[in-house]
Amino acid sequence: MSDLPARGGNAPAVPRPGAAVPRRGRTGSWAVDLAWFVTPLAVLVALWAGAVAATGVPTRVFPQVTDVALALWEMAVSGELALHLGASLYRVLVGSVIAVATALPFGIALGASRALSAFFSPLLRFSVALAGIAWIPIATLWLGYGDGAVIFIVWNAMFFALAYNTMLGVRRIPTSLLRSARSLGAGPWRLFWEVLLPGAMPSVISGLRIGLGYGWRGLVAAEIIATHAGLGYALFLAQTSFSTDVIIAAMVIIGVLWLCTDRLLLAPLERRTVRRWGMTSGEG
Amino acid sequence: MAVDSAEHTRKAGSGRPARAPAPLHRRAWLRLSRNSAFRTLGPFVPVVGLWWLIAALEVFPPAFFIGPDRVVVEFAELLRKGVLPGYLADSLERLAYGAGFGLAIGIVMGFLTALSLRVRKALWPILLFFQAIADIAWLPIVIVWFGFSLTAVTFVIVYTVVFPLMLAVVSGVEQVPRELVLAARSLGAGRLRVFWEVTVPGALPSIATGVRTGLGYGWRALVAAEIIVGTSGIGFMMFDARRVGDVSQVFLGMVVLGILWYMLDALILAPFEKATVERWGLVRGMEDDE
Amino acid sequence: MTALVIEHLEKTYTDAYTGDEVVAIGDVSFSVSEGEFVSVLGPSGCGKTTVLNTVAGFVRPTSGTVSVAGNQVSGPGPDRGVVFQNHALFPWKTVLGNVVFGLRMKGMGRAEREARGREYLSLVGLEGFERRYPHELSGGMRQRLGVARVLATEPAVMLMDEPFASIDAQTRRRLQEDLTRIFEERRPTVFFVTHDIDEAVFLSDRIVVLSGRPSSVREIVEVDLPRPRTWASAVDHPGFRATVAHVNGLLAEGEAEGTAADVE
């Protein structure tokens, strides 16, 4: 499963003219960037408002922008928002921290040996395909309904994708790099921190992206099915009472949260490591 | 790049000086380990063995954990009753509808978006945002709109497939080396020709990844939707079994889902990639550590 | 008959980072006759590739004109095939598919274009590789294919942008000899950009030596070296060494001036 967009074949040895460099140069002004980001979304919201007003669709079915804003405001004031948001964030945080702490060492250990990685590669691919939502029935059976099961799902959804990509990343570190580090006197510990981990970084980051994507979806599904708090549960609750305004408010929050994760966590991580070092990484 | 991998192989080869006088059993092992079916399926043998052992020793209570033997028995039982084929057909039908519409819409919309820089820049944040609203979060509103129906499930799967695919097409088009476009134009290709002969194949590696990602998400969305909408399908079967505490059907469901995905991968996705992207040397083969 | 005429070419860029105006090409004029091999030589960053890109139609000049076979250049076209430094072969097409690409664009029939494609593949020594893909070829072979792909369309001018720069020294020598042989056999018009003095002298009929940025024509050097040429005969030929020394001197002078200007 090449979830990793590995490019090698057609990548020119010399930076392509007109590709990355000038674009980054042009985007020097962040205000222009922001405008390019906010304007389309604002237009979208305006279109939504206009369409609802023009077609006269019942707001029970398709709520007006103001209804959603009002629902959001009410949720915020009543403390419901904080409750659900807190529950969801807590689960994602715990689940992903455990996933990173377990998957990274595991993936690097597998990647360091050719035999191990050849053996585990099909197993991990199988597990990646299955990870996350398909585990919800068994997780709730084992751990009961509640935080435990949801955290398990988040961990499970991330673990395999992250371990697999880390392993691939380590396998792709050029042998010459390992040899030169060893000949410069690096021991196993040093090798791990100074060569294996940074060398696998592009792959690790795309593994994180994929894993968080699965984890986030797993979270929402698990919360709809198996809890009494969290954004997914809020969605479920609103659906049973046909409160479309609350449903859309919750969806918007979920979207914004993921964008924040991507922009505030993954993108800076990528910028500081992979981009800074001039290695490529999958944009996804 | 070809040169790199050639060098890589040479190095790996010279690292094994004992190659020529290898004893017979070692040579047989080497030949076996080259066989791709053995390499993919072989590792499952000890894992299933381990699973069996853990179940047989009753490390976990049998109400929570069962061995492969019970799964096989359950499989035969459900097959005999005709429950499994029915549910399987339902799940596959939903996936086929969802993936079919999703692929068609995603690829066409993706190229339309990608071809103009302005459109791309304007639509990019919207794409990101819709991609960010995890597909499953759409399920409640879709249920309100369409009821507990096939349409609701299909809508979610289409949604799941379309956005990763559009993003993949756009970034794929951006990745096409400019030099190739220039080369084609200086050889006399017009805009349409450049699109078909350079842009489309050049974006294919990224599209292939996008299809995989999209289907991977779509697959999960299907299971979640079946659990939540709860009328039929493998996801429904698993959750229904969980409700009555029948662990064997839950295990069976997971195994079936895993095998299905593997078949989808091995029979459709992988051959497609092998015939295009890998053949052209655009992606280093997955098992390239040989 | 002149194949290519460049008149008072100027190119100014706006720097993407600083927003400054950068003059890449000051004032360049020269022409290339039909069946002539002309190299453009200059210090790195002097804008010689920009000259080539302008001729190819990839870059619009700020002022001045480029005309090929009497027609003014306004965009890329099949009358000016380009051999790229990074070969720019289509990875998704076979060797044969790459060679016949230009012919297909012209609308030539399958049988005819494949026959022509094979002819040019054998000209560059790639017969037997028709069904391979570019990534299966060595660096030298890829560049041969790049040359064949352009020659097959029989352009008015073949533009070559440092085609051998990223190829190892021995292979490069072989490719240069092969290019000379092909040139002597077929007499295409070639516009060749390089920073390698020996290469320029060995291959060319004339060398356009550019000065550093903003570039202008420093001198056009006639190469007095009999054809057919081989490296073995060229290195011993007094004309070869004299020309190399002369060009070397021109470039060294330019550099000295450049440094002086920098100090100012």
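Analyst: B:Glu174 is partly exposed, with a relative accessibility of 34%. On this scale, buried means under 20% relative accessible area, exposed means over 50%, and partly exposed is anything in between, using a 1.4 Å probe on protein chains only. Before going on: this is a predicted model, where local features need pLDDT of at least 70 and side-chain atom pairs count only at pLDDT 80 or more, while totals for chains, interfaces and linings use all residues. Residues are numbered from 1 along each chain as its sequence is written, chains are lettered from A and ligands numbered from 1 in the order in which they are written, and side-chain values use heavy atoms, with hydrogens and water left out.

So what does B:Glu174 hold on to? Its side chain makes a salt bridge with B:Arg120, at 3.6 Å from N to O. (A salt bridge here is a side-chain nitrogen of Lys or Arg within 4 Å of a carboxyl oxygen of Asp or Glu.) B:Glu174 sits in helix H9 (residues 150-175) of chain B and B:Arg120 in helix H7 (residues 117-132) of chain B, so this pair ties together parts that are 54 residues apart in sequence. Helices are DSSP runs of H or I with at least four residues, strands are runs of E with at least two, and both are numbered from the N terminus. The arginine end is the hidden one: B:Arg120 counts as buried, at 13% relative accessibility.

The chain around that pair is helical, with 13 helices and zero strands in chain B. Of its 290 residues, 52% count as buried.

For a contrast, look at B:Arg243 and B:Asp240, whose side chains meet in a salt bridge of 3.7 Å, N to O. These two are three residues apart in helix H12 of chain B, so about one helical turn separates them. An α-helix has 3.6 residues a turn, so residues three or four places apart point the same way. B:Arg243 is exposed at 51% relative accessibility, while B:Asp240 is partly exposed at 33%.

Chain C has another pair of this kind. C:Glu114 bridges to C:Arg110, with the closest N and O atoms 3.8 Å apart; both sit in helix H4 (residues 110-123) of chain C, four residues apart, about one turn of the helix. C:Arg110 is exposed, with a relative accessible area of 58%. Elsewhere, salt bridges that share partners link A:Arg125, B:Arg212, B:Asp265 and B:Glu273 into one network. Over all chains the tally is 29 salt bridges.

A:Arg125 and B:Asp265 form a salt bridge, with their closest N and O atoms 3.5 Å apart; between the two chains the count is two salt bridges. On the chain B side, the touching residues split into 47 nonpolar, ten polar and 18 charged. (Nonpolar covers Ala, Val, Leu, Ile, Met, Phe, Trp, Tyr, Cys and Pro; charged covers Asp, Glu, Lys and Arg; the others, Gly among them, are polar.) The contact uses 75 residues from chain B and 72 residues from chain A. About 7,100 Å² is buried there, 68% of it from carbon and sulfur atoms, where buried area is the accessible area (1.4 Å probe) that two parts lose on being put together, summed over both.

Helix H6 (residues 136-143) of chain A has six of its eight residues buried, so it is largely enclosed by the rest of the structure. Those buried residues are A:Ile136, A:Pro137, A:Ile138, A:Ala139, A:Thr140 and A:Leu141. What covers them includes helix H7 (147-171) and helix H10 (201-226) of chain A, along with helix H11 (191-229), helix H12 (234-243) and helix H13 (247-278) of chain B. Just after H6(A), A:Gly144 takes a positive phi of about 75°.

Technical notes:
Contact = heavy atoms within 4.5 Å.
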